[in-house]
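Biologist: I'm new to looking at protein models, and I'd like to learn how to read one. Could you put one on the screen and take me through some features?

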Amino acid sequence: MPNLIYIADPMCSWCYGFGPELTALLDGLPGLPVEIVLGGLRAYNSDRMDAPMKAELMTHWKKVHETSGLPFSDHAIEQPGFVYNTEPACRAVVAARTLAPQVTLAVFTAIQQAFYVDGRDVTQSAVLADIASTALTNAGVPTDTDAFETLWASEKIVLATHADFVQTKAWKIDGFPMLVLERNGQLDMVTAGYLRMPALVEQLQALVDNPRQA
C-alpha cells in the first residue's frame, strides 16, 4: 500500500505554514498512511539567540505569515537566553510516534501551535511533555505527563531521533518541509517546500497516473 513520508521539523516556520495544506490533503485521502521523519532543522544548536539572529528569523516568519496567513508569536524567542535548538521538540514527536504512530501528526501540530501561536518554549522537557501528553490524550491515547517525559529523556528515544536526522542527511534533504510518496520502496517527491493543497493534489495524482518503471 502506498504511503506518504513527511520530512519536517516542528520548529521550522515553513513546516508550520504548510500544516493546513497538508491537513487538507490528508482530509481528502482518508486512510492514506503518513510517516513523519524528523529533519533536525537546528538540532543540537547551543548558541543563545542574539539580535541579528532574531531579526533574520523574524524576516522568515513574516514571509511565512504573508504566504499562509497563519499567526506568529515571538514570545518564546524574546525570552533572555533562548536557544533555538530543535532537537528536543523533534524528540517529543519521535516519542509520540513510538507510543502511537497513528496520531504522531497531531502531536507534531500541537507543538507547532504551542511555539508559533502560544509562544511557549518548546525546547523545555516539561513543556513538551505537557503538550504531547495532552495531544495524545485528546486523540484517544491516554498518556501521563511524567511517563511521557521519562520516555522523552530515554536513551532509546534520543538515539531514534538522531537516526531520523541521519536518514534525512542520507536522503540529501536539507530543506523542509518535504513530502514524499513511497510505493514498494520507491520514493517520489510530491513537494520540496510550501505548496498549496490543490497543487499538492495535482502533484500526487500525476505520480499515481505515471508511475516510474522498475
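This is a predicted model: local features need pLDDT of at least 70, side-chain atom pairs count only at pLDDT 80 or more; totals for chains, interfaces and linings use all residues.

Biologist: Which residues in α5 and α6 meet?

Modeller: On the α5 side you will find Ser-125, Ala-126, Leu-128, Ala-129, Asp-130, Ala-132, Ser-133 and Leu-136. They meet Thr-145, Phe-148, Glu-149 and Trp-152 in α6.

Biologist: Let me try another pair. At what angle do α1 and α8 pack?

Modeller: The angle is about 50 degrees, with the axes 9 Å apart. That makes α1 oblique to α8, and α1 passes α8 in a right-handed crossing. Phe-18, Glu-21, Leu-22, Ala-24 and Leu-25 of α1 make the contact with Met-197, Leu-200, Val-201 and Leu-204 of α8.

Biologist: Let's stay with α8. How does its span fit with what the 13 residues of the helix should give?

Modeller: The idea is to compare an expected span with the distance between the end C-alpha atoms. At 1.5 Å a residue, α8 (residues 197-209) should span 18 Å, and its end C-alpha atoms are 18 Å apart, so the two agree.

Biologist: And which residues of α8 are buried?

Modeller: A residue counts as buried when its relative accessible area is under 20%, and as exposed when that area is over 50%. In α8 the buried ones are Leu-200, Leu-204 and Leu-207. Looking down the axis of α8, you see them within an arc of 60 degrees, so they line one face of the helix. Pro-198 and Glu-202, on the other side of α8, are exposed. The buried residues pack against β1, α1, β3 (178-183) and β4 (186-192).

Biologist: Can we read α7 in that way too? What is its length from first C-alpha to last?

Modeller: Helix α7, residues 155-170, reaches 22 Å, close to the 22 Å expected for its 16 residues. Its buried residues are Ile-157, Thr-161, Asp-164, Phe-165 and Thr-168. These cover an arc of only 95 degrees around the axis, which puts them on the same side of α7. The face turned away from that buried side carries the exposed residues Glu-155, Lys-156, Leu-159, Lys-169 and Ala-170.

Biologist: What do the buried residues of α7 pack against?

Modeller: Their partners are β1 (3-8), β2 (34-38), α3 (87-99) and α6 (145-153). Zoom in on Thr-168 in α7 for an example. At 1% relative accessibility, Thr-168 counts as buried. Setting aside neighbours within four places in sequence, Thr-168 is in contact with Ile-7, Val-37, Leu-38, Gly-39, Ile-173 and Phe-176.

Biologist: What follows α7?

Modeller: Look for Lys-172, which has a positive phi, near 60 degrees. There is a positive phi just after α4 as well, at Gly-119, with a value of about 70 degrees.

Biologist: Then let's turn to α4. Which of its residues are buried?

Modeller: Thr-104, Val-107, Phe-108, Ile-111, Gln-112, Ala-114, Phe-115 and Tyr-116 are buried in α4. The buried residues of α4 pack against β1, α1 (13-27), β2, α2 (51-68), α3 and α5. One of them, Gln-112, has 4% relative accessibility and therefore counts as buried. Beyond residues up to four places away in sequence, Gln-112 touches Pro-10, Cys-15, Tyr-16 and Val-117.

Biologist: Last one: where is Pro-2 found, and is it buried, partly exposed or exposed?

Modeller: Pro-2 sits in the segment before β1. With a relative accessible area of 36%, Pro-2 is partly exposed. Pro-2 and Leu-32 are 30 residues apart along the chain, while their C-alpha atoms are separated by 7.5 Å. Pro-2 touches Leu-32, Pro-33, Leu-181, Glu-182 and Arg-183, leaving out residues up to four places away in sequence.

Key. Residues are numbered from 1 along each chain as its sequence is written. Side-chain values use heavy atoms; hydrogens and water are left out. Helices (H or I, at least four residues) and strands (E, at least two) are DSSP runs, numbered from the N terminus. The expected span of a helix is 1.5 Å times one less than its number of residues. Buried means under 20% relative accessible area, exposed over 50%, partly exposed in between (1.4 Å probe, protein chains only). The arc is that of the directions from the helix axis to the C-beta atoms. Contact means heavy atoms within 4.5 Å. Axes are lines fitted to C-alpha atoms, for helices over the stretch in contact, and angles run from 0 to 180 degrees between N-to-C directions. Angles under 35 degrees count as roughly parallel, over 145 as roughly antiparallel, 65 to 115 as roughly perpendicular and the rest as oblique. A crossing is left-handed if the near helix is turned anticlockwise from the far one by less than a right angle, and right-handed if clockwise.
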